[in-house]
Amino acid sequence: MSTILTSETPIKRKKGLTTKLVLSMLLVGALPLLIGLFLAFYQGTQKIQEVNGASFEALATETARKIDIVVADELTRTALLTTDVDIVTFLEEQRDALNALSPSASAEVLQQEQARWEAGDPDQAHAITQGPIAEKLKAQIEGTFIDPGHPIPIITRSATRALYMTDIAGRLIASIDHKPSYLHAQEPWWQGAFHKRVGQPYLSPIAFDPQLNTYTFTLALPIMDRLRYEAVGILRRVYDVKEFFAPSIETIRFGKTGHVMLIDSRGVVLSCPILPTGTTLGDPQLIPLVTPMQAGWTSAPSDGHGGQDTSIIGFAPLDNTSRITRASSGVGWHMFVWQSSEELFAPIQQFFQWTAAFGILGVGLLVTLGYLAAHRISAPIRRLQEAARRIGRGEFQEPIVMTTGDEIEELAEEINRMNEQLASQFAGLESQVALKTQEVEYLQESTSQILDSVPDPVIMITPEETIEYLNQASKNVLAITNGNSEGRPFFELLNLDPATQAKLHQEIEAVKHSSLPPIVPKTQEPNTKNLKDPLSQTNWGDTGDTRQELRLNQRTYRYRWFSVHVHPGKDACIGLVLRDSTEESLLQDQLIQGEKLASLGVLSAGIGHELNNPLVGVIGLGEAIQDEDNMENMKGYAKDIVQHGKRMAAIIRDFTGQIGNQFLESKTVIDINAQLTQAINVVKGQFPSESITVNLRLETIPPLRAKPYELGQALTNVLTNAFQAISGTGTIDISTSANEEGIHIRIADTGAGIAPSHLPKVFDPFFTTKGQGEGSGLGLTVAYRIITKLGGQIRLENNPKQGTICHITFPLSVEHPTTRKDDGS
Amino acid sequence: MNITTSQCFLLASLLLTSVAIVPTQDLQATAPSPPPSLSPEKVSDYLHSIIEADRNIYTTYVVKRMQEKGIVLAREDWESSNAIPLPAQFLHYSSKLVAESGHGVRFRLISLWPIHRRNGPATEFERKALEDLQDAPDTPQRGIVTSGKKKFFQSIYADKGITQACIICHNSHPLSPKRDFQVGDLMGGVVITIPLDE
């Protein structure tokens, strides 16, 4: 899949797909082929081994039986001589004759007879070689001993190299020729056949006879007495090995090299068409493999004929013959069947060559077909890949036409569908992009227009301190009439002295490195949110950095830096807003001056009003005194004048006294109830005519540490306010109380009350509801200041029934307990 | 024939022991009042009982049992076929061992229907004895025979086929001249030969 969609290394991937397909086809096709080939070869080899091994075994067994029969036949035929009555009788007589002699005498006789034989005594020689027994031996050789009409095979006859007979003492008693020696009792064959008088057949291992210049073997048979009680003589027959066995063995040939071989258990070859008789098998390890007591076949590492190839060898023991030979000399005789491996495995090798050739042909076909098939698969995929890449690049194309009729065709349809969908989506996107671009252009235009319409100069510079943008106002200020100013160095436009330039440059650097958030300067935030004391000196310092003044072209500008991101991915631009503050500061100065004058006017008007009324009264009274003769009345007028004077003095005291007295007096422990009572009396005195009922309910309250006159003035002012509010008939309830929170004074009148809109203003200076001259508007202000200064609170509220309630509270002073003790004492 | 396997050593020791017992008993029996000699009839009877007992034990307890359990077969070619000797071979081998021991006493199996010709009657006396035993199998045939100047005492005892294995083998062997034996039939005789002139 990835081979189609990835476009980076298309050529490499293309080849990979074909290679993969060819490889997988090879794997699927060639691997089983090779495995099958190998298995067939292996199986074939095994089968050939088994079949041939079994055949070789059968042949070996068969030949062994045959040779067994040949040997047994020869033995039986020769044994006929040993049961001949004449011979047995003669030998019994010989025995009895010897037994009659003493051992020394018999030994002497033997020696004498041997000497005669060696000397070639004609009588003795005649008796032995021409006597009746010798005749019987010759008849045996001739084959006419048993049945003259049916002579024994010429082979065994001609293979016989010697045939003679000894008696119980080993003396030669008959022979077909002169060759044998005379005494044989010490020879192995004689002792083997005599076997301590018991007698048993003897077959010697083959041995080289130097006299005959050939390999021979001996068959020795005991001649038993007529009772078969004991051996009385021995018959010996010597055969030429090659001549004896060759007719039975060397004729058996098969194929070019297949043959049968007779060996003994020492590995000596008795008869073989290839190896000469008497040689020993070259490989000593082979001998035990092929000479067990049972017939069989083996896959031997060598062939026994000098070859080192793995060989299939069939073998079988000569059961009956081996029984005799083993009893005689411990050596067994065995058949050995062998064929050369080359010949044996020739068919399977030919088969292997043929199949290998077919295999190579098959692999070649597979590669070719695989390449063709892979090409058929990969070609349309390559087309699809090309199409996908072009779609990926945005080059829309005609629909892919593919008629493979398989998954690739479906894939092509899918890609066509994808192509169409992408095309339609891209079309929508383009119109949207155009729309957005237009919007952005409008936005830019409008922003520019907005900025141009702003009367303040706005300048934006890049971090490199070149001009990014200038609005119309700034162009006017900087007297840029035409030409493109963008990109010009910022300081080139501003005509500034070097000190200011350095300062501005420093500020730009500061803004650059603390540009977040860009638009709202950091220093503005604490001003608006934390409500810092505007009189704080440090605050001025902070704002001074960003709100400083700049003189350009004889005009003063306040300016502020800000940081703004104009281009995505670039450093923020630094903006500079200038405001022409030349007129503004002038106007502000005038305004402050005006405000000062206005408040002075109000104050002087208030004081004037306050003082004017008593002054008019004094003037009137003074005129009355001038015209009055009655002393009593004059006194009365004078009294009034004094009163007015006092009042004026009180008004002036109201303005000034608080300042003067507070430095003269010192704090003492004050009984509030006493102060209150005193204040009521003072106020009552001011309103003699009015029928006002004062209800006093004073509880014992802790003393307060304060300045007595100050507190008294505060209470007086509050009470005055209450008396004035009643204006005529009414009741004033005054009570004091104390709890853990503090001391509480409550003054409730039944006056007109306070309009809700006036409530917030009652403690403001010069606020009054009274007519001209009735009040200064400072009474409650003074009371408020005093009480607050003492740590207390004063509050006015409208009584729901009628009038106003004034609450004054003082916190409990820490020194109360001690002061109370002082009071008590 | 040479006996090379361990089985044969076992048999040899068995037989030698039994043979050795005979003179011991003889000495003990004759010690109080020594007679001049022991009659050869007695000696051969003793020997025959031992020979017969040994072979019967081998036949019944070894050959028959092993063959019935399927462990090992008794075959004529036992040496080359992982088998054990036939009971008749057992007797042949023990006979050979006794002969090789050089004590003079010999025994062998003979038959009028031998599988191998060498086991036929060697003399006219043996032939006649076998024929007589057919009529009176329980009476051993005895006599004195000569070989040249040598004299021997011979006792010939009837030998019957005691197990089915004996019968089957003799009836089916390719070289067997008679093939209608039945269990209990007289199949031949055991000849015990004792030299008299030594």
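A residue is called buried if 20 or more other C-beta atoms lie within 10 Å of its own, exposed if 12 or fewer, and partly exposed in between, with C-beta atoms placed from the backbone. The model is predicted: local features need pLDDT of at least 70, side-chain atom pairs count only at pLDDT 80 or more, and totals for chains, interfaces and linings use all residues. Residues are numbered from 1 along each chain as its sequence is written, while chains are lettered from A and ligands numbered from 1 in the order in which they are written.

Chain A holds 25 helices and 24 strands. Helices (H or I, at least four residues) and strands (E, at least two) are DSSP runs, numbered from the N terminus. Of the 825 residues in chain A, 29% are buried. Two residues are in contact if their C-beta atoms, placed from the backbone, lie within 7 Å. Among contacts in chain A with a separation of 6 or more, 63% join residues 24 or more positions apart.

Helix α11(A) is largely enclosed by the rest of the structure, because nine of its eleven residues are buried. These buried residues are A:D319, A:N320, A:T321, A:S322, A:R323, A:I324, A:T325, A:R326 and A:S328. Just after α11(A), A:G330 takes a positive phi of about 80°.

The interface with chain B also involves this helix. In total, 19 residues of chain A are in contact with 19 residues of chain B. On the chain A side, α3 (85-100) and α11 (319-329) each supply at least two residues. That side has six nonpolar, two polar and eleven charged residues. Here Ala, Val, Leu, Ile, Met, Phe, Trp, Tyr, Cys and Pro count as nonpolar, Asp, Glu, Lys and Arg as charged, and the others, Gly among them, as polar.

A nonpolar core is a set of buried Ala, Val, Leu, Ile, Met, Phe, Trp, Tyr and Cys residues joined through C-beta atoms within 7 Å. The largest such core has 111 residues, and A:A60, A:M335 and A:F336 touch the most other members. Helix α2 (residues 10-82) of chain A gives the most to this core, with eight residues. Neighbours within four places in sequence aside, A:A60 is in contact with A:A295, A:G314, A:F315, A:A316, A:M335, A:F336 and A:V337. A second, separate core has 36 residues, including A:I732, A:I747, A:L780 and A:A783.

Helices α22 (residues 672-686) and α23 (residues 708-726) of chain A also pack together. Their axes come within 9 Å and cross at roughly 50°. This makes α22(A) oblique to α23(A). Axes are lines fitted to C-alpha atoms, for helices over the stretch in contact, and angles run from 0 to 180 degrees between N-to-C directions. Angles under 35 degrees count as roughly parallel, over 145 as roughly antiparallel, 65 to 115 as roughly perpendicular and the rest as oblique. From α22(A), the contact takes in A:Q675, A:L676, A:Q678, A:A679, A:I680, A:V682, A:V683 and A:Q686. They meet A:P708, A:L711, A:G712, A:L715, A:T716, A:L719, A:T720 and A:F723 in α23(A). Ten residues of this contact are nonpolar, six are polar and none is charged.

A:H195 is buried, with 22 other C-beta atoms within 10 Å. A:R197 counts as partly exposed, with 18 C-beta neighbours inside 10 Å.
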